[in-house]
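Here's a quick tour of a protein model, put together for someone just starting out. Have the structure open next to you and look for each residue as it comes up.

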Amino acid sequence: MSPDSARAIDGEVIVNGRRYRLPRQPTVVVCIDGSEPGYIERAVEMGRAPWFGKALETGTSLIADCVVPSFTNPNNLSIVTGRPPSVHGICGNYFLDPETGREVMMNDPEFLRVETLFPALQRAGCRIAVITAKDKLRGLLGKGLSLGPGKACSFSSEKADQAILAENGIADVPALVGLPVPDVYSAGLSEFVFAAGVRLMERDRPDIMYLSTTDYIQHKYAPGSAAANDFYAMMDGYLARLEAMGCTLVLTADHGMNDKHDPDGRPDVLYLQDLVDQWLGAGRARVILPITDPYVVHHGALGSFAVVYLPQAASADEVAGKLKRLPAIEAALSREEAAQRFELPADRLGDLVVISTRHKVLGTSASRHDLSGLGEPLRSHGGLSEQKVPLICNRKLAAGAPPRRWRNFDAFDLGLNLVA
Ligand code: ZN
Ligand code: ZN
């Protein structure tokens, strides 16, 4: 299909109760994984990110709240559905299936309870491209798309060499991009996303593109550090090329990132399973860390958010009360309180939701965390302290937009509806 073939140009779609104008020029939404406020600004100050500098000055620069738990999957799904997890159902990487008592990965598209914007925009005539760094997100993000040349593609840099027309709507990705498939633990995994995005925009000019990176760099390096500046400089170059092709660009993050170590550089962990075992008896309560995923090397499965399943005899209020008295704990909430406060699906939470303070993380048992892969002092996320994220557009917010609490899942609203 050529870029000029007939399709709806004026018009709109309604997805999950929100209204979106169809794009007049290609609209690219980028989720920069773990982009704590400060990364972009420091790179700009050091002269490494001129495109970002211009966007901050002449476009729209807001601070938004991400979804808590401040994890990757819940937030990516919020961005592409425009709604919180109470609507889309994805509230972590893992939950405990109440029927089987087993920890289940929430990667499978069957766990997604609503449609993303992509199939709706596709039905309205838009061509769609979805590119993620890690393959774990691809199934969820691409759900419901009719894939194929001239229609839509959905692939990851991790498995770029395995992309085939039937499953990804595209093939021979490394040849198209001109780069080899990068290591899953590398900055290159994210660079491949941008390189592929630029090549696809040149070749196919999709109407809607979603790019989602990995937080490998942010887990290791703080804002302003040389490696972080290099990473944002890399991104800056590709974003400038997308803008030169006439794209509206919206950038946000799935969550922020903070140091989570003591002054000696050791991870500052509260081992929650060990603690509830002391209080309630060994193995009676069950602590689940929804940050756990198959790629734990860079954070050792340690984040600032945990859920606890209690034995029937235990009082949730009592355990929450004891937890709240610990200086490491920012919040300990019942299932209902957490579901309401953070807009989460109650049926996929434990009896308690526990959040640690800015520089602390929650573990299960000391014996169950392999921290040998941590090359640098731990940086991680998951809590309220990682809720602030950038929301940036290379176009100006239209005059008269009323003040609001911005969320990262307003990214498509901003890019399609709210900028001049
Ligand atoms: Zn993330
Ligand atoms: Zn992470």
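The zinc ion (ligand 1) and the zinc ion (ligand 2) sit 4.2 Å apart. Keep in mind that this is a predicted model.

**The zinc ion (ligand 1)**

- Which residues hold the zinc ion (ligand 1)? Asp 33 (OD), Thr 72 (OG1), Asp 254 (OD) and His 255 (NE2) coordinate it, at 2.0 to 2.1 Å.
- Read along the chain, the donor residues of this ion follow the spacing D-x38-T-x181-D-H.
- Thr 72 belongs to helix H3 (residues 72-81), while His 255 is in the loop between strand E10 (248-252) and strand E11 (258-259), so this pair ties together parts that are 183 residues apart in sequence.
- Why is the arrangement of the four donor atoms around the zinc ion (ligand 1) called irregular? The angles they subtend run from 92 to 138°, and a tetrahedral label would need all angles to lie between 85 and 135 degrees.
- Are Thr 72 and His 255 buried or exposed? Both Thr 72 and His 255 are buried.

**The zinc ion (ligand 2)**

- Here the protein donors are Asp 215 (OD), His 219 (NE2) and His 381 (NE2), lying 2.0 to 2.2 Å from the zinc ion (ligand 2).
- Their spacing along the chain is D-x3-H-x161-H.
- His 219 has a relative accessibility of 2%, so it counts as buried.
- His 381 is buried too, with a relative accessible area of 2%.

**The nonpolar cores**

- The largest nonpolar core has 83 residues, and those with the most contacts inside it are Phe 118, Ile 128, Tyr 210, Leu 272 and Phe 412.
- Where does this core lie relative to domain 1 and domain 2? Domain 1 (6-256 + 387-418) and domain 2 (269-376) both give residues to it, so the core lies between them.
- Pick out Ile 128 and skip its neighbours within four places in sequence: Ile 128 is then in contact with Phe 118, Leu 121, Gln 122, Leu 145, Lys 151, Ala 152, Cys 153, Pro 206 and Ile 208.

**Aromatic rings**

- How many aromatic pairs does a search of the whole structure find? The search turns up 10.
- One pair to look at is Phe 71 with Phe 305: their ring centres are 5.9 Å apart and their planes are at 85°, so the pair is edge-to-face.
- This pair links distant parts of the chain, with Phe 71 in the loop between strand E4 (60-65) and H3, and Phe 305 in strand E14 (residues 305-309), 234 residues apart.
- Phe 71 counts as buried, at 1% relative accessibility, and Phe 305 is buried as well, with a relative accessible area of 1%.
- Now find Phe 118 and Phe 412: with ring centres 5.9 Å apart and planes at 75°, they also make an edge-to-face pair.
- Phe 118 is in helix H5 (residues 117-123) and Phe 412 in helix H15 (residues 411-418), so to speak a link between distant parts of the chain, 294 residues apart.
- Phe 118 and Phe 412 are both buried.
- There's also an aromatic cluster, formed by Tyr 39, Trp 51, Phe 52, Phe 231 and Tyr 232.

- The peptide bond from Val 68 to Pro 69 is cis, with omega near 10°, and Pro 69 is found in the loop between E4 and H3.
- Asp 172 isn't a glycine, yet its phi is positive, near 55°.
- You'll find Asp 172 in the loop between helix H7 (165-168) and helix H8 (173-177), and at 60% relative accessibility it counts as exposed.
- Glu 343 also has a positive phi near 55° in a residue other than glycine.
- Glu 343 is in the loop between helix H14 (335-342) and strand E16 (352-356), and Glu 343 is partly exposed, with a relative accessible area of 31%.

How values were computed:
Residues numbered from 1 in each chain as written. Chains lettered and ligands numbered in written order. Predicted model: local features only at pLDDT ≥ 70, side-chain atom pairs only at ≥ 80, totals over all residues. Heavy atoms only, no water. Donors = N, O, S within 2.8 Å, 3.2 Å for Na, K, Ca; no water. Tetrahedral: all angles 85-135°; square planar, octahedral: opposite > 155°, others 65-115°. Helix = DSSP H or I, 4+ residues; strand = E, 2+ residues; numbered from the N terminus. Buried < 20%, exposed > 50% of the residue type's maximum accessible area, 1.4 Å probe, protein only. Core = buried A, V, L, I, M, F, W, Y, C linked by side-chain atoms within 4.5 Å. Domains from an automatic or database assignment. Contact = heavy atoms within 4.5 Å. Phe/Tyr/Trp six-rings, centres within 6.5 Å; stacked < 30°, edge-to-face > 60°.
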